[in-house]
Amino acid sequence: MSLMILSLVGGAVAALSLAVSGEWQAGDPSQSLQLMAVQGARRIDACIRPACYFGSCRRGSANGSATQPAAILFWKNDNYPSLGKIQLAELAMIQHDPTTHTLMYYEAAFPAGMTSGQISIINQDISFSLFNSASAPDDFKLLPYVTGKPICHNISGARFFVSDVGSNTQRASLDYVLTFSRSMKVNGSDYNATQVQYGTATMRQPKDQPN
Amino acid sequence: MITKARHSQSGMALFMVMLAVGIATVLAIALLANSSVQSQVGSNMSQATRADLLSESGTNLAAYYLGHPNQAPASSMSGLKYWVGENEIKLGPPTFSTNTGTVSVTVSQQSGNTDAYNVTAVASAPPPGQSVCTIISQMQANYSGLFNAVSSNASLTLPSNCDIRGNVLVNGTLTVNNGASIDGTATAKAAGNNQGNIQGASGVGKNTILTVPAGSINIANASTVQDYRKYLYSSVPNVWRLINAPDLATVAPGYSVGFLNLVIPSLLNPGGVFVANQTVTLNNNATIIGTLIIQNGDLVVVGNNVSVTPNLSTLLGTDQQRYPAIIIMSGNLIMANDNATLNANGVVFIGGAIITDGQVHNSAQINVTGALVFGGNAASISSTAGKLKVIYDASRINCPHFNTQADTVTVTQWQQ
């Protein structure tokens, strides 16, 4: 009799352990996605807040089905002469790569050994019309020394929308929707966790439209 | 046999129970640990967000105090015209007992541009040192010109020979004598006797001295007026050079500008800013093209047809609008002749008062086209110093720091 009770208790403990471990496994992707989403939002904030002006924007889609993935080209600072004009090194772009499920950050990074004279030859003015053209996101990546680095992973879809660009009364902002998804096997079956992160990143030092 | 069998199984149940209890204990510890980690993750996110928002609040606070220095705590002004920041500022209502974190703000003026500031805000959310966020920014305070024909930092009486074409603002009691006229509104901290003619504006303030609460009037004084003795000049955009204004007193102590004497801008002083460290006397037809600054002493007008006109050379670009006509830091404007006539075509700042040399000069004239500011505590207009006519001219009043309150503060750099 006592053995029977003992086996019942043992069975209950085993079932509880199994349930708890299953819950942990199932909850892990969601929790990690949640952290990734917060981290991703903070990285977008860090890119956009110091920026000066938005250029070409591709909206993309939250489910990753858009033929042209989301991309936003922006004037990240006005550090190089001449002031009020965009130079190559003052540009940056955030673009969704649906193939690798990453959010990429592109900018021109000159090699450390380059002299200021060499940089000034490459770091040419870029007209506003080019900066704002529909093909600007593709063109920008082809410019010399423009390289990309991932700022966020596990993004299956992204949608961007800019507002108040050029406004004298309202700071320009980027509204974004990022869909994070991650698949894994839980107790032998496929489990897909999805987290949608909504956010707005607002420029803190918007400038007049560059020449 | 039976006894032996019972003996061989004795303690087995206890062992199994102990095993079950052990597993349950390990499970409970694991659950607690997991729960603790989750709690820590949530707390970290919350504290990071709090530090982020606190640092931004600190930056915004700096922007507010740069725009409204009169609202900043006096203890944090350190005798300067701007708020220098504070350590460990706690935001939120004083009734907040919870430790919500602090932000330390540092503000410093940039060299070469007295309206540009470097601001650093370092926020720390509790527990101290765990979540820290820093924002380094640069800000530009943008000042507009004056809005009043006559402003005074002390009580003022307009004598009968005053003709003011514009608004009057007095940080004290304003009295308007019989015969004086104000073609605009008259506003003061306290209304004195009004026997003059006040036109008002848009049906408001006709023959009435409007009163405003104490503390809402911001008028420049000697410590807030920009130091125009050094200025930036450029004929090529973005290539600035610092000019030291010539010191008239070192050329000729007690400098006197006489008949057909012109004081005009030069290559070495393209802005036409002239500084005297003692009393300056202006005789007949004395003409100053530029800005006359009297650091110590008075401005004595003896001659007829004396004029001071800020240099409007386009070589200085729009920046030239920022120069006034006359600044008398602490002295008086003295009318010393019956025929004395002063035509000032810009902003006139007087630290003292308008008086005479002790004689009565009722036919003397002071014509200000721009704005007149009394910055000191001894502001007054002598009734025997002749006729005072002030015509507010919006095209000549765009001088910063005569308004102590910036219109806007623009963030020019932001780094987080």
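In what order do the four strands of the open sheet of chain B stand? The order is β1-β2-β3-β29, and the pairing is antiparallel. The model described here is a predicted one.

## The sheet of chain B

Two strands of this sheet stand at its edges: β1 (102-109) and β29 (408-415) of chain B. Each of these edge strands pairs on one side only. From one strand to the next, the twist averages 25°.

Inside the sheet, strand β2 (residues 116-125) and strand β3 (residues 131-142) of chain B run antiparallel and are joined by 10 bridges. Across this pair, V119(B) faces S137(B), a residue of β3(B). As background, strands of a sheet pair through backbone hydrogen bonds, either parallel or antiparallel.

## The sheet of chain A

Chain A has an open sheet of five strands, in the order β1-β3-β5-β6-β8, again with antiparallel pairing. Its edges are β1 (53-58) and β8 (146-152) of chain A. Each of them has a single partner strand, so one side of each lacks a neighbour in the sheet. The twist in this sheet averages 20° from one strand to the next.

## Two helices from two chains

Helix α1 (residues 2-48) of chain A also meets a helix of the other chain, α2 (residues 12-67) of chain B. Their axes come within 11 Å and cross at roughly 15°. Angles under 35 degrees count as roughly parallel, and α1(A) and α2(B) are therefore roughly parallel to each other. The crossing of α1(A) past α2(B) is left-handed.

Residues along both helices make this contact. On α1(A) they include L6(A), V9(A), V13(A), L16(A), V20(A), W24(A), L35(A) and V38(A). On α2(B) they include M16(B), V17(B), I23(B), L27(B), L31(B), V41(B) and M45(B). By class, the residues of the contact between α1(A) and α2(B) are 18 nonpolar, four polar and no charged.

## The contact between the chains

How many residues does each chain bring to the contact as a whole? Chain B brings 18 residues and chain A brings 17 residues. On the side of chain B that touches chain A, α2 and β29 of chain B each supply at least two residues. The element that gives the most to this side is α2(B), with 11 residues. Sorted by class, the side of chain B that touches chain A has 12 nonpolar, six polar and no charged residues.

## A loop residue of chain A

G84(A) sits in the loop between β3 and β4 (86-87) of chain A. Is this residue buried, exposed or partly exposed? A residue is buried if 20 or more other C-beta atoms lie within 10 Å of its own and exposed if 12 or fewer do. G84(A) has 14 C-beta neighbours inside 10 Å, so it counts as partly exposed.

Apart from neighbours within four places in sequence, G84(A) is in contact with P210(A) and N211(A). In sequence, G84(A) and N211(A) are 127 residues apart, yet their C-alpha atoms are 6.6 Å apart in space.

Terms used:
Residues numbered from 1 in each chain as written. Chains lettered and ligands numbered in written order. Predicted model: local features only at pLDDT ≥ 70, side-chain atom pairs only at ≥ 80, totals over all residues. Axes fitted to C-alpha atoms, helices over the stretch in contact; angles between N-to-C directions. Parallel < 35°, antiparallel > 145°, perpendicular 65-115°, else oblique. Left-handed = near helix turned anticlockwise from the far one by under 90°. Contact = placed C-beta atoms within 7 Å. Nonpolar A, V, L, I, M, F, W, Y, C, P; charged D, E, K, R; others polar. Pairing = 2+ DSSP bridges.
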